[in-house]
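Subject: A structure for you to look at

Hi there,

Here is the structure I promised to pass on. Please open it next to this email and follow along as you read.

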Amino acid sequence: MPQKEIMALPKPDRRMLSNVPDPERIRSGGDRRQGDDLSVRYAASFAVGLRASGSHRKEHIVGTAADISASGILVALPDGCGALQGDKTYRLSFDIPPGTMPEGFESRVRLDAKVARSFRAEDGRQMAAFAFVKPLSEYFRRRRWGYSVYTASAMLLAASLIVVLMRTESVLYFKYNSLLYLYSLIAAAFLLSRYLFGALHRDVPVNPDFTPGVSIIIPCFNEEEWIQRTIRSCINQDYPIDKLEVIVVDDRSTDNSVARMEEMIARIHNEATRFATKERLRLVVMPRNGGKREALVQGVKLAKHDLVVFVDSDSFLAPTAIRHLVQPFQDPKMGGVAGRTDVENKFTNAMTKLQTVRYYIAFRIMKAAESYFDSVTCLSGPLSCYRKELVLRHADAWLNQKFLGQPATFGDDRAMTNFVLRTHRTGYQDSAVCSTIVPSKLGVFLRQQMRWKRSWLRESLIASSFIWRKEPFMALFFYIGLIVPIAAPIIVLYNLVYVPLAHGIFPSTFLMGLLLMALLMSFAHLFFRKSRLWVFGIVFCLFYELVLLWQMPVAWVTFWKSTWGTRETPQDVKARERKEARKRKTRGRFGLPF
C-alpha cells in the first residue's frame, strides 16, 4: 500500500496564476494574495474551542477548523449553533497538528479573534470566519519562537566551546596517536568552519530592475502524482511574463505523466490566456528514453532566454523563487546558482522528519558556507540556474560522460556544476525556495543515498583536479571535506571497536564528539527554523553512524556503477537482465526449474 504523504495543503486559488504580475492591471492589490504568508490559507480539520470574551466557561462551543492562515481561521460550528455576532471578540483554543501549516506553526494556540463574517455553507453547515487580533507569526514569536532562538543560541555557543575544549585535549595527547588526533583536529576545524561561514552568508538582495530572461526546464519520467503541481508552481511566478517560459520535457514516461501534463497545460492555457501562456508553456516528448541529461539538454536547446533553470518533476517553487534565484547573475562571472530545497512531506513519518533537518543544514549551512567563497560544489537538481551558453558549451561532454568506462547516468547536477565551476563562480540564494518530495520508505531512501554517495565520490575526485585554482581557503576545506568522509568508517571502527577491545577503554570522548556534532545540527535547525523537528537532527546523526556511514566503503568499490536503483533507466534494465541471466544460469547448472 502506498505511503500517504503528510504535507501542508494550501487551499486552491480560483485563479490559475494568482502570483503572475497582471499585464492589464485588472486585479486590484486587495484582490490578490501575491504570496503573502499572512493570507495563504491551508486546508485544516481539527477541533477549535470558542468562548465569547467575558462569557462564562459553560458557554464554550467546540467547532471544526475548515481552513487556517496566519491571519485567521474558518470554523464549522456544531449543529444547532446559530450565526455568531459580527465583530464580536472570541477566545479561540486549538492545537495546530503537524503538517497542517508550514514548519514551526505546529503548536497550541490560545488567542483572541473577531468574527469577520458568518454564513451557511452549501452543505448546510454554519460557518464563522475569524480574524486573529494578532497574526500567528507574531503570537509564536512572543510565546515560543523567541525562546527557541535564545535557547538555540546558547546551546550552539556551548556546543562549539566544548568542541574547542575537546580539540585542545587532542593537542595535548597528539604525541600518543598523531594520526588519530590529527584527524580529530581537522574534522572539528572543518565542521566549525562550515557553521561559521554558513552563518556569515548573505543573499544577493533583490534589484527590482534586474529581471533577465529565464527558461525553466522540467525533465519528467514517471511522475504522474506530482507533475501538475510542479508545472503550476513554475509558471505561477512573480516575474515579468515576457521574461519567463516553462518547457516540460517528458523522457518517455510509462505511466500517465504525459496525460497529466497535457491536462494541466490545457487548463492553464484555457484559464489564463491573458498571461500569454501558449507562447511560454509547452510540453516536449522525447522520441526515446535517453535519461535525465538528454531531456535537460533538449529543453535547453529549445530555450529562448539566456538563463536556464532546472527543476525536478517532484519539486514545487515558491512564488518568488525565480526573482531571488537570478540576482547573483548581476555578476558576469557567476555561472550557476542553487536555491534552497525544503522537504515538502516532512511530517509523513520519522524518515522524512530526519531528512527535513538534514536538508536544511545541507543548504542553509553547507552550501551557504561554500557560497561565501563563490564555489558551491553542487547546484542541486530540485532548483538551480545556469547561464545557457555554459550548459550548451559542455552539453556533449555532459551527455557522453563516462567514468572508468561506465556511462555517468546520475549525479547530473554535480557533473554540470563541475563543468561550470572550472571557469566561473557558483553561488547560493537562501531566499530562492522550493520544496521537494523525499523518500518516506527506508529502502528507497537507502538506494537514493547510495546513488548520491557514488556520484559525490566520483565528482569530488574530478573536482579535486581543478579546485586548487579557486580561493585558497575554499580549496583547503574542499580537500578536507573529501578526506574526512572517506576516512570516517575507519576512524569509527578504530574508536568504537578496536580501542575498547584492544585496550579496554570506553570511547567516551569519541561518543561525546558525535553527540556534539548532532547537537550542532539540531540547534542550528532550531535557531533558523524554530521548529520542534530539531530533535531529528540528533536522530539523523545516530542513523548516519549506524547505517549510512557504512555505505561509504561500498561506494569506494562501486562508484563506477551507473544504475539508479530507483528508476528504470536503460542501465537499470541491462543490470536487471544480467542479474536474471545469472540466476537462470545458476539454476540450470543445478538442474533447478526456472
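This is a predicted model: local features need pLDDT of at least 70, side-chain atom pairs count only at pLDDT 80 or more; totals for chains, interfaces and linings use all residues.

Residues are numbered from 1 along each chain as its sequence is written, and side-chain values use heavy atoms, leaving out hydrogens and water.

**The sheet**

Strands of a sheet pair through backbone hydrogen bonds, either parallel or antiparallel. Here, eight strands make an open sheet with mixed pairing, in the order β10-β9-β8-β11-β14-β13-β17-β12. (Strands are DSSP runs of E with at least two residues, helices are runs of H or I with at least four, and both are numbered from the N terminus; two strands pair if DSSP finds at least two bridges between them.) At the edges sit β10 (281–285) and β12 (315–317), each pairing on one side only. From one strand to the next, the twist averages 30 degrees.

Two helices pack on this sheet. Helix α3 (residues 227–235) touches β8 (214–220), β9 (244–250), β10 and β12, and its direction makes about 25 degrees with that of β12. Helix α4 (residues 257–271) touches β8, β9 and β10, at about 160 degrees to the direction of β10. (Contact means heavy atoms within 4.5 Å; axes are lines fitted to C-alpha atoms, for helices over the stretch in contact, with angles from 0 to 180 degrees between N-to-C directions.)

**A helix pair**

How do α14 and α15 cross? The axes of α14 (residues 508–529) and α15 (residues 536–546) come within 7 Å and cross at roughly 140 degrees. That makes the pair oblique (under 35 degrees is roughly parallel, over 145 roughly antiparallel, 65 to 115 roughly perpendicular, and the rest oblique). Residues in the contact include L514 and M517 of α14, and I538 and F540 of α15.

**Two single residues**

K530, in the loop between α14 and α15, has phi near 55 degrees, a positive value in a residue other than glycine. K530 is partly exposed, with a relative accessible area of 22% (buried is under 20%, exposed over 50%, partly exposed in between, with a 1.4 Å probe and protein chains only).

D374 also has phi near 55 degrees. D374 lies in the loop between α8 (350–371) and β14 (384–387), and is partly exposed at 29% relative accessible area.

Enjoy exploring!
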